[in-house]
Every structure is written in C-alpha cells, then in structure tokens.
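Dear colleague,

I am handing over the structure below, and my notes on what was found in it follow directly after.

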Amino acid sequence: MNKSVDVVKLAKEHFPDAIMVDGFNEAIIGFSIRLPNNTNFVYSVSKIINKLMHRDGMTYFEAEEFYMFNIKGAMFNTEIEPIYMDDRIHFSNN
C-alpha cells in the first residue's frame, strides 16, 4: 500500500497563494508554514541542478549558475519566495 503524501497538492489546497518555481515540482521536498498564512515551498538545490542538467543538457557549472541567477536570484521578497535547501555535497580541505 502506497501512503505517500502529495505535498504539492496538499499545500496548494490549503495555501493557494504559496509561490512555486514553475517546472520543478519534483524538486519540492516540503513546505514551511510561517504565520500569519505565509507558506513557502522548500526546494532541493541538488534536485533543481540535476533537472537542469538532464532536461536542458547543461553542465554542472552551467546549471549551478542558471540556478543562482535565474531561479534563486529571481525573487526579491524573502517573505513570499520559496526556500532553497542547499543539499549538495560540499567538500573541504579539512
């Protein structure tokens, strides 16, 4: 029995004013409810970048730049814009 929850459907039913990034529903990993009635979808940065690479044939660096300037950088009101969780693997020299 599949008991998965359709997060997009649930959020849109209860919070119809929530801002979404067109074409990236599969990158949604949740939503954040902030009072009063501020709901933001939470997107996985790695899933957005992977989709840009596979769908649009971009390299990793092209997809990362596109995400930074055209998706994340496209919004200017942090109260209503989606939340981007940077879940990419990062390496350090330590």
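What pLDDT does the protein chain average? The average is 84, and 84% of the residues score at least 70, where pLDDT is the predictor's confidence in each residue, from 0 to 100. This is a predicted model, in which local features need pLDDT of at least 70 and side-chain atom pairs count only at pLDDT 80 or more, while totals for chains, interfaces and linings use all residues. Residues are numbered from 1 along each chain as its sequence is written, and side-chain values use heavy atoms, with hydrogens and water left out.

Helices (H or I, at least four residues) and strands (E, at least two) are DSSP runs, numbered from the N terminus. Confidence is lowest in helix H1 (residues 7–14), at a mean of 78, and highest in helix H2 (residues 45–56), at 97.

Three strands form an open sheet in the order S1-S2-S3, with mixed pairing, two strands being paired if DSSP finds at least two bridges between them. Its edge strands, S1 (28–34) and S3 (83–85), each pair on one side only. Strand S2 (residues 38–44) runs parallel to S3 and is joined to it by three bridges, and Ile83 in S3 is the bridge partner of Val42.

Leaving aside neighbours within four places in sequence, Tyr84 is in contact (heavy atoms within 4.5 Å) with residues including Val21, Tyr43, Ile48 and Tyr67.

Best regards
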